[in-house]
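Dear colleague,

I am handing over the structure below, and I would be grateful if you could look through it before reading my notes. The notes follow directly after it.

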Amino acid sequence: MGTEILQKIEEPIKTALREFLDWYGQRYAMPIDIQLDAHKATIHIYHDITEEIEECTISCVQQTKRILNKEVDEEKINESCRGSCFVEVVATVDAMFDDIREELIKRLNKHGIRYWREEGWEDVYRYLVIHIQ
């Protein structure tokens with residue numbers, strides 16, 4: 001996110017977002033989109049888990065084949081691995097978003113900024129949207 005957006009935001013929102021972005025930039029690489037209009041700022045954080053599920057599934061299938069050390073039905077193993085990988089990746093991403101939400105809200109509260117939020121899953125996308133008046 002460029003500094004040009006922060007320049008258009010009034011204090012204390014600017015300070016809260018700068019503090020949050022400093023913290024966030026040291027921990028996460030997920031995209032953040034900040035949109036401004038005449039009456040509010042909206043922060044969008046989102047993450048697509050497709051790639052993580054694929055990598056986990058491939059690793060799981062390979063590990064299962066090594067452990068069994070015999071001819072196996074890869075399709076059945078793949079299906080089982082995909083299910084367990086989905087659960088594992090969702091849990092990890094939910095924990096990351098809990099951390100992000102907690103830190104962002106802590107910064108907003110510290111500066112007395114009013115907000116409301118939307119969050120959840122849409123298919124393989126985890127999202128957090130913070131609306132600031």
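Helices (H or I, at least four residues) and strands (E, at least two) are taken here as DSSP runs and numbered from the N terminus. Please keep in mind that this is a predicted model, in which local features need pLDDT of at least 70 and side-chain atom pairs count only at pLDDT 80 or more, while totals for chains, interfaces and linings use all residues. Residues are numbered from 1 along each chain as its sequence is written, and side-chain values use heavy atoms, with hydrogens and water left out.

Helix α2 covers residues 13–25, and F20 and Y24 are 4 residues apart in it, which means that about one helical turn separates them. Both of these residues are buried, a word used for under 20% relative accessible area, with exposed meaning over 50% and partly exposed in between (1.4 Å probe, protein chains only).

Rings of Phe, Tyr and Trp (its six-membered ring) are said to pair if their centres lie within 6.5 Å, and planes under 30 degrees apart count as stacked, over 60 as edge-to-face and the rest as tilted. By this rule there are 4 aromatic pairs. In the pair of F20 and Y24, the ring centres are 5.5 Å apart and the planes stand at 40 degrees, so this pair is tilted. F20 and Y24 also belong to one aromatic cluster together with W23 and Y28.

A hairpin of 4 residues joins β1 to β2, and Q35 stands opposite T42 in β2.

One joins C56 to C85, with an S to S distance of 2.1 Å, and it links distant parts of the chain, since C56 lies in helix α3 (residues 50–68) and C85 in helix α4 (residues 74–110), 29 residues apart. The torsion about the S-S bond of C56 and C85 is about -80 degrees, so this disulfide is left-handed.

Another disulfide joins C60 to C81 at 2.0 Å from S to S. C60 is in helix α3 and C81 in helix α4, so this pair ties together parts that are 21 residues apart in sequence. Its torsion is about -70 degrees, so the disulfide of C60 and C81 is left-handed. Both C56 and C85 are buried, and both C60 and C81 are buried.

With kind regards

Definitions and conventions
Two strands pair if DSSP finds at least two bridges between them. A disulfide is a pair of cysteine sulfur atoms within 2.5 Å.
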